[in-house]
Each structure stands twice: as structure tokens, then as C-alpha cells.
Amino acid sequence: MEISPIFFYLFAGVALAASAMVILKRNPVASAFSLVMVFFAFAGIYALLDAHLIAAIQILVYAGAIMVLFLFVIMLLSADVPSFDLRRAHPVARAVGGVLSLVLFGFFVWAFKNSPSPAPLGNFTAENIEAAGGNSRVLSELMFSEYILPFELTSVLLLAAIIGAVAIAKRKQSLPTEGRRK
Amino acid sequence: MFEPNLYFWLTIAKFAVIMTIILSVAPVMAWVERRGSALLQNRLGPNRIGPFGLFQSICDAIKFMFKEDPVPGHVSKFYYSLAPVVSLVPAFMTFAVIPFASSIEIDGRIFSFQLANLNVGILYIFSIASLGVYGIIMAGWSSNNKYALLGGLRSSSQMISYELSLGLSVIGIVMAFSSVHLNDIVAGQGEAIRQLGPWALPEWLPIPKWGVLIQPIGFIVFLTAIFAETNRLPFDLPEGESEIIAGYHLEYGSMKFSLFMMAEYTNMFVASSLITTLYFGGWHGLHWVLNLVPVEGLAREWTRIVLEMAAFFLKVGFFMWFFVWVRWTLPRFRYDQVMDLGWKVMLPLSLGNIFITALAVYYGWM
Amino acid sequence: MLVKPKKNFLQRFYLVEVIKGLGITMRNLLFAPSVTIQYPEERRKYSERFRGMHYIKATNGVENCTACMLCPTVCPAECIHIEAGERPDKEKYPVKFEIDVLRCCFCGMCEEACPKDAIKLSTIYEMSQTTRQVYEKDFLLEQRGNK
């Protein structure tokens with residue numbers, strides 16, 4: 001599967017620019033909008049790789065649900081104060097952060113340079129998937145047969161998280177009113 | 001060298017037709033909404049300009065275009081201008097995978113009446129439709145107005161709540177037809193129902209296997225959820241004139257405002273197409289006319305396509321009218337009622353529907 | 001106080017009620033006549049006693065008014081302004097008779113107070129203007145009704 005280079009550079013460029021916007025924007029809501037753009041660009045790249053299901057899920061779950069929830073919370077808390085001001089950071093913190101990010105970047109470059117090329121392909125090549133009836137069919141068949149245990153475990157984990165969140169929220173509400181007033 | 005053949009021109013024509021239909025939905029629906037609401041309320045509505053007041057929409061459009069486009073000083077300009085576009089584009093994108101007629105064979109190639117046949121089908125619709133809320137949130141937030149912000153907040157929470165039941169209610173359909181391809185789902189609805197629970201139905205009974213008949217609970221949940229997703233009454237809390245003035249588009253005027261209106265009507269169109277495709281047999285329903293028309297060969301095939309399109313758009317038209325009809329019948333829910341309905345009624349109902357459908361599929365009742 | 005109306009099972013279910021409501025609106029669309037009055041062509045029929053645009057009644061081309069000042073006295077909005085004068089035959093008459101219709105509240109008390117049956121309120125209700133002018137005597141002398 002050849003990726004059309006124009007679209008790849010387009011989506012990658014948008015992803016990079018939007019990622020930069022996420023950390024450079026002062027307002028958290030604007031950052032969140034930029035993050036949605038990042039997700040969208042990633043979904044475009046996934047779709048270019050013929051992974052339509054992953055692309056759809058990427059938009060549906062990350063951009064469509066999680067970021068909406070994020071935005072909801074940000075706007076509800078009215079966090080209009082800038083989350084992080086680079087100019088007020090300590091010089092040492094700035095220096096350490098810069099060095100660390102450079103090291104991380106170097107590590108990534110090193111990892112990509114030294115990875116075996118082309119990457120080893122498993123059973124699930126684009127042709128095999130197409131022959132077996134498309135992304136969603138193959139993925140769901142695998143998920144509900146071979147990987148049923150991890151799938152169920154994940155759902156139990158999420159359920160535990162939900163119950164935990166409800167429990168925490170409920171306990172706060174049952175405090176006496178004097179205790180809540182600041 | 002690229003040689004444009006008939007197939008190529010047909011594809012171009014298909015795009016042109018679809019875009020024309022989608023773009024003309026907003027003005028026509030604006031007229032239908034105004035006339036329809038008037039007639040439902042024993043009034044007449046706009047009836048001066050053109051036959052039945054049909055040209056009122058054109059006048060509105062001209063007014064919208066030539067009106068001053070004020071940008072309030074307190075908004076954040078970039079996102080303020082971006083928001084109408086962000087709400088309109090997903091509405092346009094969603095229609096791409098909806099089949100509005102079956103396929104036809106031309107020059108040995110299958111020409112399908114659908115802009116794109118993705119193998120994720122319905123997931124694509126949901127993923128793109130879930131982006132529509134960003135336009136509203138962005139508008140609400142960038143307007144820097146407390147009412148607009150409230151509208152945006154309401155919209156986001158409403159979307160999150162009802163997207164769940166929307167997705168889960170469609171799972172039943174996906175299970176019943178064992179496909180996420182909209183083409184397969186529509187094709188499956190062309191067959192007749194042979195099973196009613198554990199009992200087999202007689203062969204001569206021509207009940208079509210439409211989604212609404214085999215998934216009644218799923219259909220009710222889907223219909224409710226799609227009303228909430230399109231922000232139409234009784235779920236138009238993001239606008240809520242009497243509470244938060246106009247909600248998210250409070251600070252908008254002229255063409256920017258009309259883009260929001262267009263987005264709403266386009267969303268309605270897509271929602272109606274979805275209801276038709278998933279629950280009312282898509283383009284099925286007018287094939288019997290084919291036996292009355294004495295045409296043969298390719299002409300017969302084209303007649304079939306025309307009939308299918310007619311059936312599809314008739315059904316879509318009915319549901320568009322249904323949106324208007326419901327809007328002028330039901331009052332707006334209170335906010336807590338919306339949340340209660342979403343989480344305490346619709347979500348358990350859709351989960352129960354999945355369970356029942358799973359049982360039915362397992363025992364071969366479907 | 002919030003009073004929750006008692007609902008039976010079907011009403012709690014809500015769906016049936018929604019369908020009933022849809023039936024009611026559709027019935028209105030199909031069978032109920034429209035109540036719209038198409039204004040410039042059709043006009044609402046008002047009562048004979050409707051209090052609209054003012055006029056001064058004239059007999060044989062001469063206004064009935066004798067400038068007795070009862071109407072400006074009784075007027076609660078103080079919108080009538082009269083300057084009295086004498087005719088050669090020693091008859092009193094209004095040299096100026098102005099009604100500031102922007103202030104007028106159309107209570108009709110001038111009409112009731114008038115001993116000479118002179119000031120009248122006609123049934124004309126289309127009184128919009130593009131300027132803020134008062135009604136002059138000449139304008140008021142047009143006979144707009146037969147009260």
C-alpha cells in the first residue's frame with residue numbers, strides 16, 4: 001500500500017502544527033480545539049494506511065467523545081487562567097525541560113533510524129484483511145474470540161473506574177454543608 | 001492519458017446531484033418549517049412571495065448575504081469565524097456513505113448510487129456526526145457571552161449523553177443484518193420477514209424486513225437520540241430562546257448565522273436519511289411500479305434506479321416533515337429531564353434491546 | 001409549590017401521549033381553518049364604538065366646536081391644545097385646534113365631555129406616520145365618520 005505523499009505530508013503537517021498549538025496556546029479551550037485537530041489529522045493518516053476502522057474509532061472516541069467531555073469540564077470549571085506561563089518559569093526548569101525534550105527527540109530519531117526496514121508484516125496485511133471481509137469484521141472477530149479475555153478485563157477495569165468515580169463524587173456530596181463552604 | 005468515459009461523467013454527475021440536493025435542503029426546509037408551523041398553528045405563514053410563498057427562502061438568502069456582518073468586539077475572532085464552518089462541514093460529510101439507490105451496471109462496471117462505499121459504513125457516520133458538536137461548542141465559547149457559553153455547555157453534555165444511546169441502538173440493527181455496511185443493511189431490508197419470535201410466518205405474507213419492524217425498541221431509542229443529536233425540539237436546549245436567548249449563536253448575524261441554520265437543516269436531512277436507511281428500508285418500496293411500466297433492457301434498469309431514488313427521497317421527505325411536525329407539537333424538555341431521559345431511560349432501553357436482539361439472533365428468530 | 005399531576009401507566013410511558021399530541025397538531029393542520037386575516041386585502045371588522053383617529057364634526061361646513069375648553073381640561077394625557085377666537089358674529093371658535101396624537105391614549109373622554117358633539121373618535125386605526133406631527137385643525141376637520 002503506497003501512501004500518497006501529498007496527503008501524508010498534509011496530514012502530518014497539520015498534526016505537527018496543531019500539536020504545537022496545543023502547548024503554545026494560552027487558553028485551555030483553544031488548546032483542546034487544537035488537540036481535536038491533531039486527532040483528526042491522525043485519523044486521516046490511519047485512513048491513508050487503509051485502517052478505516054481505527055480512523056473512524058479515533059474520531060468517534062477521541063475527537064467525538066473524550067475531547068467533548070474535556071471541553072465540557074474545562075468550560076464548566078471556567079479555567080480561563082493560563083495553565084502554564086513559560087516566561088514565569090524558573091530558568092533552571094526551563095533549561096532542564098529543553099534538554100530533556102531534545103534528548104527525547106534524539107531518542108526517537110535514533111529509534112526510527114535503527115528500526116528494521118521494512119517493518120516485519122504479520123498475517124494481517126491489507127490484502128488479507130480485504131479478503132477476509134474488511135477491517136471491522138476481522139478486528140471484531142479477533143476481539144471476541146482470541147482476545148476475549150483482555151477485552152473483558154478492560155471492560156471490568158473501566159467498570160471499576162466508573163464505580164470508583166461515582167463513589168468519590170457521592171462521598172463529597174454527603175459532607176455537611178459547613179464543611180463544603182470555603 | 002486520462003480518457004473520461006461515461007463512468008467518469010456519471011460519477012461527476014452523482015456528486016453534482018448530491019451537492020445540489022444537500023445545498024437546496026436548507027432553503028426548502030426553511031420554507032417548509034415556516035409554512036408547516038403556521039399551518040399547524042392555524043396560521044398561514046409566508047405566502048406573498050412566489051407561489052405558496054416559495055420564494056421567501058430566496059429573499060431570506062439574499063437578505064442574509066447582503067446584510068452587514070458585524071463581529072462583536074469581545075469575541076475571539078479566529079474561533080468565532082471558524083465555528084459556523086466547523087458546524088457545517090461535518091453535516092455535509094456525513095451524507096457521503098448513505099446509499100440512495102441500488103447499483104447499476106454500466107460498461108461492465110458496477111455504478112453505485114453512494115458517494116463512498118467505506119467498509120466501516122455506519123461508524124463513519126457516527127464519527128463525523130460527533131464532530132458537529134464542535135461547531136456549537138466553539139461558537140458558544142468564542143462568543144465570550146455567558147448565554148452562548150451555556151448553550152455550548154448544554155450542547156456538549158447533551159451530545160455525550162445521547163451519542164451513547166444512538167450508537168447502542170444501532171448495534172441492534174447491525175446485529176440483525178450482521179453488517180456495518182449501509183448497502184448490506186438496505187439490501188437485507190428488501191427481504192421478507194419469515195420469523196415472528198419462535199413462530200414461522202406463512203410464505204405468502206409479504207411483510208418487508210424493515211428495521212422498524214424487527215427493531216421497534218431500537219427505533220424509538222434511535223429516533224429520540226437523533227432528535228437530541230440534531231438539537232431539534234424537544235431537545236433544542238442549546239438554543240432555548242426562553243432561557244438562554246439564542247444560546248450558542250447569540251452573537252452571530254447575517255451569513256454566519258445562516259450557516260448555522262444550514263448546518264441544522266443539513267443535519268436533519270442526514271438524520272432523516274439515516275432513519276430511512278436503517279429502519280425504513282432505504283430505497284425499497286416502489287419496485288412494484290416497475291411491473292406497470294412497459295420498458296425493457298437498460299431503460300428498465302434506469303427506471304428501477306429512478307423509482308428507488310423516488311422511494312428513498314419520499315421517505316426522507318416524510319421524516320424531514322416529521323422533524324418539523326414534532327418541533328411544533330412538543331414543548332422543550334427541562335435540562336434535568338433531558339439528562340434523566342438520556343441516562344435512565346434511553347441507555348438501559350438500548351442495552352436491553354441489544355440483549356433481546358442477541359437472544360433473537362442466537363435462537364434464529366430473526 | 002410543585003404539584004406533580006397524577007399520571008397513569010400509559011401517561012408515564014409518554015410515547016402514547018406524544019403520538020396523541022402529534023395527532024392533535026395534524027388535525028389542526030388538516031381540518032382547522034386558518035385564523036389569519038390577510039391584512040391589506042382583508043381587514044378586521046371593529047366595533048362601531050372603536051376609538052380611532054380623531055375628527056371634529058362639522059355642520060354645513062362649519063365646525064361644531066365652540067372652544068369651550070372642556071376637552072383639554074378633561075384630557076388625561078393633556079394632548080389637546082386649543083386657542084379660542086371670535087368670529088365676526090361674536091361666535092366663539094377654535095383658531096387653533098391641535099391634538100398631539102403621540103400623547104393621546106384614545107380614552108375617548110374628550111368625546112364624552114364635549115357639549116357640542118364636536119370632537120369625535122372615528123373607527124380608523126391606520127394612523128402610522130413617518131414624522132412626529134400633531135393633528136392640525138384642517139386635518140381634523142376631515143369628516144371621517146358619521147358618529
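This is a predicted model: local features need pLDDT of at least 70, side-chain atom pairs count only at pLDDT 80 or more; totals for chains, interfaces and linings use all residues.
1. B:Ile22 sits in helix H1 of chain B, which covers residues 6–40. Setting aside neighbours within four places in sequence, B:Ile22 has contacts with B:Phe92, B:Phe95, B:Thr266 and B:Phe269. B:Val270 is 248 residues away from B:Ile22 along the chain, yet their C-alpha atoms are 9.0 Å apart.

2. The contact between chains A and B involves 20 residues of chain A and 24 residues of chain B. On the chain B side, the elements giving two or more residues are helices H4 (122–129), H5 (132–142) and H6 (146–177). H6(B) supplies the largest share, eight residues. By type, this side of chain B has 17 nonpolar residues, six polar and one charged.

3. The largest nonpolar core holds 119 residues. Those touching the most other members are A:Val36, A:Phe39, A:Ala56, A:Ile59, B:Leu123, B:Met138 and B:Tyr265. Helix H11 of chain B (residues 254–279) gives the largest share of this core, 14 residues. Another core, of 19 residues, lies apart from it and includes C:Tyr55, C:Ala67, C:Cys71 and C:Ile119.

4. Not counting residues up to four places away in sequence, A:Ile59 touches A:Phe39, A:Phe40, A:Ala43 and A:Gly64 in chain A, and B:Ser127 and B:Leu131 in chain B.

Terms used
Residues are numbered from 1 along each chain as its sequence is written. Chains are lettered from A and ligands numbered from 1 in the order in which they are written. Two residues are in contact if their C-beta atoms, placed from the backbone, lie within 7 Å. Helices (H or I, at least four residues) and strands (E, at least two) are DSSP runs, numbered from the N terminus. Ala, Val, Leu, Ile, Met, Phe, Trp, Tyr, Cys and Pro count as nonpolar, Asp, Glu, Lys and Arg as charged, and the others, Gly among them, as polar. A nonpolar core is a set of buried Ala, Val, Leu, Ile, Met, Phe, Trp, Tyr and Cys residues joined through C-beta atoms within 7 Å. A residue is buried if 20 or more other C-beta atoms lie within 10 Å of its own, exposed if 12 or fewer, and partly exposed in between; C-beta atoms are placed from the backbone.
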